[in-house]
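Trainee: Could you show me how to read the nonpolar core and the aromatic pairs of a structure?

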Amino acid sequence: MKNGELIFALVIAALVIVGCLLGFFISMQAKPCAEPSRTNEPPRPRIVLPTDSNIYTFSLDSQLKPEEWQLILNAGWSFLTCTTEQYVDYAGCYPGAPKYHRTRWNYVFRRQG
């Protein structure tokens, strides 16, 4: 092998090694992708009324909608109380993920009768 061929082979080997290391470091710094959406599943209802208890408590990340109030009250439940609490929600599971201050509504209902 001549000197020119040896230098050419070393340069190519160095470029391949640098490319592999660069790809490795980029993959380590990449943000994890979100879970793929399940488009074939129907949306879950926000409220599922129990059939075997006299007290119904649940928490939501938003206030009850008027149609949800109607559903609960027409099913024979009476409103007892609602409290709110503040919590921090992170937009990812990686260092430096943005955080959001949110409010959670905790509802308590009692079965009438």
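The dialogue below takes up the core and then the aromatic rings.

Mentor: This is a predicted model, in which local features need pLDDT of at least 70 and side-chain atom pairs count only at pLDDT 80 or more, while totals for chains, interfaces and linings use all residues. Residues are numbered from 1 along each chain as its sequence is written, and side-chain values use heavy atoms, with hydrogens and water left out.

Trainee: Which residues form the largest nonpolar core?

Mentor: In soluble globular proteins, nonpolar side chains tend to be buried together. Here the largest such core has ten residues, namely I47, Y56, F58, L60, L64, I72, W77, W105, Y107 and F109; a core is a set of buried Ala, Val, Leu, Ile, Met, Phe, Trp, Tyr and Cys residues joined through side-chain atoms within 4.5 Å, buried meaning under 20% relative accessible area with a 1.4 Å probe and protein chains only. β1 (55-60) and β3 (99-111) each supply at least two of its residues, strands being DSSP runs of E of at least two residues, numbered from the N terminus.

Trainee: How are the rings of F58 and Y107 arranged as a pair?

Mentor: A pair of aromatic rings is described by the distance of the centres and the angle of the planes. Rings of Phe, Tyr and Trp (its six-membered ring) pair if their centres lie within 6.5 Å, with planes under 30 degrees apart counting as stacked, over 60 as edge-to-face and the rest as tilted. F58 and Y107 are stacked, at 5.4 Å centre to centre and 25° between the planes; F58 lies in strand β1 and Y107 in strand β3, so the pair ties together parts that are 49 residues apart in sequence. F58 is buried at a relative accessible area of 11%, and Y107 is buried at 3%.

Methods
Buried < 20%, exposed > 50% of the residue type's maximum accessible area, 1.4 Å probe, protein only. Helix = DSSP H or I, 4+ residues; strand = E, 2+ residues; numbered from the N terminus.
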